[in-house]
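Visitor: I am new to reading protein structures, and I would like to learn how to take one apart feature by feature. Could you guide me through this one?

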Amino acid sequence: MMKRLVPTFNRILVKRVIQPAKTESGILLPEKASSLNSGKVIAVGPGSRDKDGNLIPVSVKEGDTVLLPEYGGTQVKLGDNEYHLFRDEDVLGTLHED
């Protein structure tokens, strides 16, 4: 049976992206070059509410690649996969390919 986690409030479910240790051609990369802490957004909650009850939507969407803080988040294991739950305000930014 496949489990699916749907975050609540302003939380996002992220699968961390493991940076490769070497390029496709076999060149080894230094440790510091692959230290970017990023992840792919798997699921998002509906958002949080302000003091008047208005919905404040989450700033990222499913499929976005985001920059994450070095520490924080809640580790969640579903089957063989490991995910992390973060609050929307904990995300440092989104990464875009030019």
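**Contacts, strands and cores**

Guide: Let us begin with a single residue and its surroundings, bearing in mind that this is a predicted model. Leaving aside neighbours within four places in sequence, F86 is in contact with N10, R11, I12, V14, R16, L68, P69, G72 and G73.

Visitor: Which residues make up the largest nonpolar core?

Guide: The largest nonpolar core has nine residues in all, namely I12, V14, V41, V58, V60, V66, L68, F86 and V91. Apart from that core lies another one, of six residues, and among them are L13, A43, L78 and L85.

Visitor: I would like to step back to the whole chain. How many helices and strands does the chain have?

Guide: The chain has zero helices and eight strands, and from the N terminus on its elements therefore read β-β-β-β-β-β-β-β. Of the 98 residues in the chain, 27% are buried, while the accessible surface comes to about 7400 Å², with 53% of that belonging to carbon and sulfur atoms. Among contacts between residues at least 6 apart in sequence, 62% join residues at least 24 apart.

Visitor: How should I read the way strands are put together, and in what order do they form the open sheet here?

Guide: The general idea is that strands of a sheet pair through backbone hydrogen bonds, either parallel or antiparallel. In this model, six strands form an open sheet in the order β6-β7-β1-β2-β5-β8, and the pairing is antiparallel. The edge strands are β6, residues 74-78, and β8, residues 93-95, each of which pairs on one side only. From one strand to the next, the twist averages 45°.

Visitor: How many bridges join β1 to β7, and how many join β1 to β2?

Guide: Strand β1, residues 11-16, is joined to strand β7, residues 81-87, by four bridges, and the two run antiparallel. Within that pairing, L13 has L85 in β7 as its bridge partner. Five bridges join β1 to β2, which also run antiparallel, and here K15 stands opposite K40 in β2.

Visitor: Which residue in β5 is the bridge partner of G39?

Guide: That partner is V66, and the pairing of β2 with β5, residues 65-67, consists of three bridges between strands that run antiparallel.

Visitor: How do I read a backbone angle such as phi, and what is the phi of F9?

Guide: As a general rule, most residues other than glycine have a negative phi, and most peptide bonds are trans. The phi of F9 is near 50°, a positive value in a residue other than glycine. F9 is placed in the segment before β1.

Visitor: Is F9 buried or exposed, and is N10 buried or exposed?

Guide: The reading rests on relative accessible area, where buried means under 20% and exposed means over 50%. F9 counts as exposed because its relative accessibility is 54%, whereas N10 counts as buried because its value is 10%. N10, like F9, lies in the segment before β1.

Visitor: Which side chain is joined to the side chain of N10 by a polar contact?

Guide: The side chain of N10 is joined to that of E89 by a polar contact of 2.8 Å.

Visitor: Where does N37 lie, and why does N37 count as buried?

Guide: N37 lies in the loop between β1 and β2, the latter being residues 38-44, and N37 counts as buried because its relative accessibility is 19%. A polar contact of 2.6 Å joins the side chains of N37 and R16. With neighbours within four places in sequence left aside, N37 is in contact with R16, V66, L67, L68, P69 and E70.

Visitor: Where is V58 found, and which residues does V58 touch?

Guide: V58 is found in the loop between β4, residues 55-56, and β5, and V58 is buried, with a relative accessible area of 14%. Not counting residues up to four places away in sequence, V58 touches F9, N10, I12, V44, G45, P46, G47 and D88. The C-alpha atoms of V58 and S48 are separated by 7.8 Å, the two residues being 10 residues apart along the chain.

Notes. Residues numbered from 1 in each chain as written. Predicted model: local features only at pLDDT ≥ 70, side-chain atom pairs only at ≥ 80, totals over all residues. Heavy atoms only, no water. Pairing = 2+ DSSP bridges. Axes fitted to C-alpha atoms, helices over the stretch in contact; angles between N-to-C directions. Buried < 20%, exposed > 50% of the residue type's maximum accessible area, 1.4 Å probe, protein only. Polar contact = N/O pair within 3.5 Å; in protein donor to acceptor, adjacent residues only side chain to side chain. Contact = heavy atoms within 4.5 Å. Core = buried A, V, L, I, M, F, W, Y, C linked by side-chain atoms within 4.5 Å. Areas by Shrake-Rupley, 256 points an atom, 1.4 Å probe, with all protein chains shown as cover.
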